[in-house]
Every structure is written in structure tokens, then in C-alpha cells.
Amino acid sequence: MALNMQKLLEDIDELKIEKFPLEKHFLSEKDEYVREQYAVQLAVLLLADDRGITGEQSRLFSLLLDSLSIKKDIASIISLAQSIDQHGLREFLSVIDEYDAKSSFLVDALILCRLDGAITDDQCILLSELCLLMQVNSEDIPCLAQIASMVLGLPDIVTLPVDFNFASIGVSAWKEFLYRDLHENCFIDGKIEHGYWRVNKKIDLSGAKIISCSIIFSEEGKLLFDLKSRGSLHILGSSFINPKIVIDGSEYGGQSQIYIQDCIFNGNYSINDP
């Protein structure tokens, strides 16, 4: 009996979705109809490439459908996309307006369309028209394109502001690709707000405010806060993965201020860790 290589590869792709899923999409808990309208329009953009949907695009789209908690397979979504009409476009735009999903949609679309090469002329025209209908602010487009480039590992288009708020545009599905290296200069007037950050080295700070950030620590990463000069440390609404944080405020007998609220600290440590 001959090996069915195509079937085997399809089974492997399904296992990849199970073992290496994307983070949950910000629309994943919305009504099924909302999620499908969003996904169908992404499929429309993929179909606008007359070269056809590549294997890599198909696999990534499957991961995104899983992130959106959509049970239908790609073939079903593609079938719906092939019959899109003006009514379907109206429904899609209604979804975008109601859930403020235009920025998220543009990022998802650029990632899928640019995965295996430059976006085609037809895709560019269609995406431009959709941006007009969605009323995407032209000043936002370079930053949204930069996010797609970060996910795809492409050269930078612009430098995102230190306090760029990823959470506000609904790109949680791509979170693992959006961590930026944290260093002393990221703290503006002693404060860092918003964003996904990675600590890869020892960082010395004399107090700080950390607000609404997600920070992951490498093995060498460590934050050291020197509060001996009556400094203060405020950490609000932030999450930390494998954090190594040292706070030194011993000289003033409790006069240093440490305030932590609504935070998550998650890590695995050996009893022998320093």
C-alpha cells in the first residue's frame, strides 16, 4: 500500500496547530458570525492573488482561524469568500465598526498577504479600497505595517514609539513576535507604559513606574531597582514571565515606596537559583 503523502502532511499541519497555536485573537470570544465575517474577508484578500494561496499561507491562515476560535476549515471559509457580494461587504464593515477591528484586520491582512512575497497589485488595490471603507487613518498605516513586518521578520518600516499601545489595536494573536528588547533608555522620565518587552540583560534603575506592560525575562535578564535614595517603584496592571527582580531599599528603613497592583508574576525557579 502506497504512502498517502498529501494526507500525512495535512495531518502534520493539524498537529502543528494543536502544539504551536497562536495566542487568542481579540475577537475570539465574540459571536461566531462576527468571527466568520472577519475571517472571510481575510480569505478574499488571499484569493485576490492570482498566483493562488501557498502552502505557507494556508498553514498560517489555519493557525489564525484557530486563534479566532473558528471551527470551520479553510475550504469552508474560502468557499464563503468566493461568493462575497455587496451584502457580505456591508456585514463585514458593520463588524469592523462595532468592534473597532480595522487596525487588527489590516495587520492580519498584511501578514497573510506578505508571508511568501510582496503584496500583489490586485491585493494592494483591494486593501486600499477596504481601508477607505473602514476609514483607517492614513497616519496609522506605517505603524500597522511595521507590526506586520515585525511578525514576518522583515526590515523596519518605521520605529514604533516606546509607549506604543499594542493592546489598543487588537494584535494579541501575534504577541510572541512583538516583544522588543527592554533597556534603560526605554524608561521615559522613569516610566514605561504599554507594550511587550523582553529583558535580555541586567538593567539597573533607581526606581520606576511600569504600567500595562507584558515583560518576559531571558535566563540572563534581571531588573535591579536601587531605592536606597528614597526612590519609589510602582508596577500597575502588568504581567511578568520568569521574572528576576531585585529591589534594594534597605538604608531608609521602609521610607522607600513600593506599590504593586493588578499584576501577574509567573515563573519556574530552582531552589538553587541565586
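R59 is partly exposed, with a relative accessible area of 30%; partly exposed means between buried (under 20% relative accessible area) and exposed (over 50%), using a 1.4 Å probe and protein chains only. The model is predicted, so local features need pLDDT of at least 70 and side-chain atom pairs count only at pLDDT 80 or more, while totals for chains, interfaces and linings use all residues. Residues are numbered from 1 along each chain as its sequence is written, and side-chain values use heavy atoms, with hydrogens and water left out.

**Salt bridges**

- The structure holds four salt bridges, a salt bridge being a side-chain nitrogen of Lys or Arg within 4 Å of a carboxyl oxygen of Asp or Glu.
- R59 pairs with E56 in one of them, at 2.9 Å from N to O.
- Both E56 and R59 belong to helix α3, where they are three residues apart, about one turn of the helix; helices are DSSP runs (H or I, at least four residues) and strands are DSSP runs too (E, at least two), numbered from the N terminus.
- E56 is partly exposed, at 41% relative accessible area.
- Another salt bridge joins the side chains of K72 and E36, at 2.6 Å from N to O.
- K72 is in the loop between α3 (55–67) and α4 (74–82), and E36 is in helix α2 (residues 32–47), so this pair ties together parts that are 36 residues apart in sequence.
- K72 is partly exposed at 33% relative accessible area, whereas E36 is buried at 13%.
- K191 and E193 also form a salt bridge, with their closest N and O atoms 3.6 Å apart.
- K191 has a relative accessible area of 34% and is partly exposed; E193, at 26%, is partly exposed as well.

**Nonpolar cores**

- The largest nonpolar core has 55 residues, of which F61, F105, I147, F166, W174 and L178 touch the most other members.
- A nonpolar core is a set of buried Ala, Val, Leu, Ile, Met, Phe, Trp, Tyr and Cys residues joined through side-chain atoms within 4.5 Å.
- At least two residues of this core come from each of α2, α3, α4, α5 (86–99), α6 (102–114), α7 (121–134) and α8 (141–152).
- Apart from its neighbours within four places in sequence, F105 is in contact (heavy atoms within 4.5 Å) with Y38, Q41, L42, L45, F92, I96, L130 and M134.
- A second, separate core has 19 residues, including I203, L205, F217 and F225.

**Surface patch**

- I247, I258, I260 and F265 make a nonpolar surface patch of about 360 Å².
- Patches are made of residues with over 30% relative accessible area and no salt bridge; like charges are joined within 9 Å, and nonpolar side chains (Val, Leu, Ile, Met, Phe, Trp, Tyr) within 5 Å.
- Accessible areas come from the Shrake-Rupley method with a 1.4 Å probe, and for residues only the protein chains shown count as cover.
- I260 is part of strand β11 (residues 257–261) and counts as partly exposed at 45% relative accessibility.

**Cysteines**

- A disulfide is a covalent bond between the sulfur atoms of two cysteines.
- The structure holds zero disulfides, the cut-off being a pair of cysteine sulfur atoms within 2.5 Å.
- C131 is in no disulfide, and the nearest cysteine sulfur, that of C124, is 9.2 Å away.
- C131 counts as buried, at 10% relative accessibility.
- C213 is in no disulfide either, with the nearest cysteine sulfur, that of C186, 9.8 Å away.
- C213 is buried, with a relative accessible area of 3%.
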